[in-house]
Amino acid sequence: MVAPRITVNGKVPPISAAGPHMTFLDFLRENGLTGSKEGCAEGECGACSIMVARPGVHRPTDWVAINSCLVPAAALDGQEIVTAEGLGAMSAAGTELHPVQQEMAVRGGSQCGYCTPGFICSMAAEYYRPDRCGGVGPADPEPEASAGEHGPNGFDLHALSGNLCRCTGYRPIRDAAFAVGAPSGSDPLARRREQAPPAPVATEVAREGRIFRRPETLPEALRLLRDHPGAVAVAGCTDWGVEVNIRAQRADYVIAIDRLPELRELRVESDHLEIGAALSLTEIERRLDGRVPLLSELFPQFASRLIRNGATLGGNLGTGSPIGDGTPVLLALGASVLLADADGEREVDLAGYFTGYRRSVRRPDELIRAVRIPLPLSPVTAFHKIAKRRFDDISSVAVAFALDIADGSVRAARIGLGGVAATAIRARETEAALLGRPWSAATVDAAAQVLRSEGTPLTDHRASAEYRSAMLGESLRKLYAHTIEVQS
């Protein structure tokens, strides 16, 4: 293994001082790049955003925005990073403001400026999204005329859902986003998308008896897990990074699995769909392109784009959180989990995977290699997330439905619940109350009463137990109302 190297704004700053748990945000600031800020240290404010070159979906490389406060510097060994400081220098002119910076400046998108570099990086990643707009065109002259969450230039405001600002009221930021045109043909960062991203490199960083290791293959990773029973496997670091920052967790051995090729496949077979455990949610969303409607409903409501650019289904299941939004959806889809160890692989039905609060049947020497979803899919699906904010929030209750309704009757039903028990659960009694019965208001009202009693909801700062129970029943009624509306 060679000494770690990270390319930042076209240069390679020294990384020798970075230990296994130093965040990339701290690494940047120690090297004089102070545009990225720490606002929350848990991936909610976006002040620390940067862009990283990652394998593309529509082109060889995508510029992807992530939270630098959550990712260890060691995890970006060999990678190519652009910060807000580098955007202007790496723009087409090389000496002027980047188009995103220019629009933010002229439209008043910055006041105190603390959050601005983070907004700039998230906005620039969306600016370079290959399918945002075609060709080369000027900025839209009247962005104010556009309403909703997508601009006339194809800009998706969800790209900024993980960036918070307490000064501007967001209107001028939205105006700047809707005003940017397409990258020019001479834009170096646009041209960079046509070349392959940096390949993953084997990494080992050690300090004070603690080690960060990036293996080259899955068998090597599994051997390391076997040989180091207390090791922590990390992918997007969107959960583990919070543990490091907020709870000062320091694992003795960390194994990075996010770039392992064996965990990054997405395959569609005749009877199932297999999603690699280390694919980010953004990669899954763009590769599936609506093939699984229930997942398409989940993605926009799962945290923010910044988090989805790093978070994985494997990590969502691996943490075992009872309020992880991915689990109820996968339960409704009838998914199973493929667990691999140094000796082989086994398949476990997700409904039997969890054994208690943040506990599962997965052994310490096993990794989640993939999630398998059976085909064909149920034709009637819905995901209802009850939270205090529309986006970038933790669920009070999450409900996922997958029903097969034919000739007016319920032929099959799977319902996944989150936030109402020590683990995400299947609503078995409600499923039984629906199965074989007419899809009617009377059936739904009776089943809604059953659904209200599923799980063991608690009262906490997000919601009362009574509210959670009530929302379960109302979710089924909402689904029924929607199906009747569609039919009419």
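These legends accompany close-up views of a predicted model.

Residues are numbered from 1 along each chain as its sequence is written.

**View 1. Helices α3 and α4 cross at roughly 130°.**
Helix α3 covers residues 99-106 and helix α4 covers residues 116-127. Helices here are DSSP runs of H or I with at least four residues, strands are runs of E with at least two, and both are numbered from the N terminus. The two axes come within 9 Å. Axes are lines fitted to C-alpha atoms, for helices over the stretch in contact, and angles run from 0 to 180 degrees between N-to-C directions. α3 and α4 are therefore oblique to each other. Angles under 35 degrees count as roughly parallel, over 145 as roughly antiparallel, 65 to 115 as roughly perpendicular, and the rest as oblique. α3 passes α4 in a right-handed crossing. Right-handed means that the near helix is turned clockwise from the far one by less than a right angle; anticlockwise is left-handed. From α3, the residues P99, V100, Q101 and M104 meet T116, F119, I120, M123, A124 and Y127 of α4. By class, this contact of α3 with α4 holds eight nonpolar residues, two polar and no charged ones. Ala, Val, Leu, Ile, Met, Phe, Trp, Tyr, Cys and Pro count as nonpolar; Asp, Glu, Lys and Arg as charged; the others, Gly among them, as polar. Contact means heavy atoms within 4.5 Å.

**View 2. Five antiparallel strands form an open sheet.**
The strand order is β9-β10-β15-β11-β12. β9 (266-268) and β12 (344-349) stand at the edges with a single partner strand each, so one side of each is left without a neighbour in the sheet. From one strand to the next, the twist averages 20°. Strands β11 (residues 336-341) and β15 (residues 367-374) run antiparallel, joined by five bridges. Two strands pair if DSSP finds at least two bridges between them. V337 stands opposite V371 in β15. Helix α7 (residues 218-227) packs on the sheet and touches β11 and β15. The direction of α7 makes about 120° with that of β15.

**View 3. Two hairpins link β17, β18 and β19.**
Nine bridges join the antiparallel strands β17 and β18. D404 has A412 in β18 as its bridge partner. The β17 and β18 hairpin has two residues between the strands, and D407 takes a positive phi near 55° there. β18 (residues 409-418) pairs with β19 over two bridges, in the antiparallel sense. L417 stands opposite I425 in β19. The β18 and β19 hairpin has six residues between the strands; in this hairpin G419 takes a positive phi near 85°.

**View 4. Helices α15 and α16 cross at roughly 155°.**
The axes of α15 (residues 441-452) and α16 come within 8 Å. The angle makes α15 roughly antiparallel to α16. Their crossing is right-handed. A441, V444, D445, A447, A448, Q449, L451 and R452 in α15 meet S469, A470, L472, G473, L476, R477 and Y480 in α16. By class, the contact of α15 with α16 has nine nonpolar, three polar and three charged residues.

**View 5. S36 is a buried loop residue.**
S36 lies between α1 (24-30) and β2 (49-55). Its relative accessible area is 3%. Buried means under 20% relative accessible area, exposed over 50%, and partly exposed in between, with a 1.4 Å probe and protein chains only. Not counting residues up to four places away in sequence, S36 touches L25, L28, R29, A47, C48, S49, I50, S68, E85 and P117.

**View 6. L76 is also buried in a loop.**
The loop with L76 runs between β3 (61-67) and β4 (80-82). L76 has a relative accessible area of 1%. L76 and P4 are 72 residues apart along the chain, and their C-alpha atoms are separated by 8.8 Å. Leaving aside neighbours within four places in sequence, L76 is in contact with R5, I6, F24, I50, R54, V71 and I81.

Methods:
This is a predicted model: local features need pLDDT of at least 70, side-chain atom pairs count only at pLDDT 80 or more; totals for chains, interfaces and linings use all residues. Side-chain values use heavy atoms; hydrogens and water are left out.
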